[in-house]
Amino acid sequence: MKIIVCVKQVPDTSGKVAVNPDGTLNRASMATITNPDDLNAVEAALQLKEETGAQVIVVSMGPPPAEGMLREILARSADKAVLVSGREFGGSDTYATSQILAAAINKIGLEDDDVVFCGRQAIDGDTAQVGPQIAEKLGLPQVSYAADIHKEGDTLTIKRMLEDGYMTIKVHTPCLITCIKELNTPRYMSVGGVFEAYSKPYEVLDYNALKDDPLIDPSTIGLKGSPTNILTSFTPPQKGAGMMLEGADRATCEKLAGIMAAKHMI
Amino acid sequence: MDFHLSKEQEMVRKMYREFAETEVKPLAEEIDEEERFPMETVEKMAKLGMMGIYFPKQYGGAGGDVLSYAMCVEELAKVCGTTAVIVSAHTSLCCAPIFEHGTEEQKMKYLPDLLSGRKIGAFGLTEPGAGTDASGQQTMAVKNENGDYVLNGTKCFITNGNVADTFVIFAMTDKSKGNHGISAFIVEKSFPGFSTGKHEKKMGIRGSSTCDLIFEDCVVPKENLLGQEGKGFKIAMMTLDGGRIGIAAQALGLGEGAVNEAIKYTQERVQFGRRISQFQNTQFQLADMHTRMQAAQFLVYSAAMKKQNHEPYSMDAAMAKLFAAEAASDVTRRAVQLFGGYGYTREYPVERMMRDAKITEIYEGTSEVQRMVISSHLGVK
């Protein structure tokens, strides 16, 4: 059994956000982190590995420096990393990205008892589209918002966390699951893992490695193959600190009503 | 000299930092206040390989290097001096002498549990009458009819004493030979005749365990003699050379932690209508503090790299500990001054850092002992 985990290196949004003239993010000038939801997906994969002995392969599309992030995931005890990287892939939106990642997963090879894990969404784009789109391209059943995962034989039982409750779904492998932060607490790298990280299998898939896949077509990848056009990007103005009123008594409610009335909210 | 860190060292430092900020910092104030040993943190560190960083995997170690170990102690000390010394004493004073002087059987018996952190280690050299003058050992080890050793005596100020399972203990096997009559032993907590005594109430590193070890006809099997009989003093001195890198790293982290806190605070605190970081005195103080800690870091890393490369490092470790400890005491004191009245309260961490820093000038060889070591290497008599 293989577990393929898709991860993304994202700007650390606790720092300053820089934007290119074309509206895309200026990633080079910003500190980067591993997308938080993707670390939950990695952790889910590693826990399943400990249970079943599965092999965990982590895949990312990004520029060569994304290797550092992949090595950190190897240091958490993933078995192999694959970086999908090439100028042809640059500027891809979610549609193009999922084409490329699906082709990469085809290249790695998806067998009957394999699973693909993704984070729910990345903190830079916040679209939550790439995971589901990969499932579409690969013709896999998909379960999103996983807050709990159990595997028995070739069946995964997933508890989905929705806004108004939970939904439990059973799905056969191969399948794709998107993970949310409630699923688990990502582990730290271990010291032993760090000192093994650079000797574990690491592969780079460029355009030439993927170009024979029917999903890879100049019209469907990169900036040109991306149907999304960014009109403008900006840093939202900072909101002022909120005001908290405590208590549910009449006086507090009247105070609240008074404040809202003064601001013409009621 | 090249201080370029390898990719692995950069990565492992990042991991220590995340761990320290998330798991260690939130407990630092509480364990100091309650004088409570943070066993839950030790269990977490054990799982991550932090209790056996620079030892080979064949004995259960993490396969890292000495600098990565020093950086671990440094990063922990930035937020908690107590947690840092737990790792340092365990690693440098118990795991290291067994690894460096033990037989293959001793290593296979003791190291897997110690390096994986399932068991905690400690070191017993100091006695009420044998501190800086370690040669004045009163603890006796007498051979019985089976060839085993019977230990009698008391050790004091033993870090990790109350929580350790495995001890490296020094005792006189032949009093007539002075230093050459001292031998080293591996002692288990469960050996009959072994017990721990009073817990010391300390000025700093209050969460760490510091207690007496008492030997009353404690029978230590002959297989547990560490190194040769009569070579104990040499083992102790070699062990302390390595230990000094750990304590120097602890001092380094404490000083750096205080600088970080002071930079943050002085940019928030307003007096006379200005942030106090805008005053030149603050700027100059912080510049001096950072410079001292940066110099300390060079000395500590240099000593660690020399040990890793099997070069002579005794003088380097002594210089690193001397400088880092005195710098840490100075820098943490200055940090309290920059915080003013708030720095003197337990609301802020700098007073704890100042209390924690003082011990680094005392244990594992006082600053005066370090000066003796350094001057002897210079051939000054």
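Modeller: Leaving aside neighbours within four places in sequence, B:Val300 is in contact with B:Ala70, B:Ile245, B:Ala248, B:Ala249, B:Leu252, B:Ala320 and B:Ala324; two residues are in contact if their C-beta atoms, placed from the backbone, lie within 7 Å. This is a predicted model, in which local features need pLDDT of at least 70, side-chain atom pairs count only at pLDDT 80 or more, and totals for chains, interfaces and linings use all residues. Residues are numbered from 1 along each chain as its sequence is written, while chains are lettered from A and ligands numbered from 1 in the order in which they are written.

B:Val300 belongs to the largest nonpolar core, which has 190 residues. A nonpolar core is a set of buried Ala, Val, Leu, Ile, Met, Phe, Trp, Tyr and Cys residues joined through C-beta atoms within 7 Å. A residue is buried if 20 or more other C-beta atoms lie within 10 Å of its own. The residues with the most contacts inside this core are A:Val5, B:Val300 and B:Ala324. In soluble globular proteins, nonpolar side chains tend to be buried together.

As for chain A, 41% of its 266 residues count as buried. Twelve residues of chain A are in contact with 15 residues of chain B. On the chain A side, helix 2 (67-74) and helix 5 (191-197) are the elements that give two or more residues, and helix 5 gives the most, with five; helices are DSSP runs of H or I with at least four residues, numbered from the N terminus.

Technical notes: A residue is buried if 20 or more other C-beta atoms lie within 10 Å of its own, exposed if 12 or fewer, and partly exposed in between; C-beta atoms are placed from the backbone.
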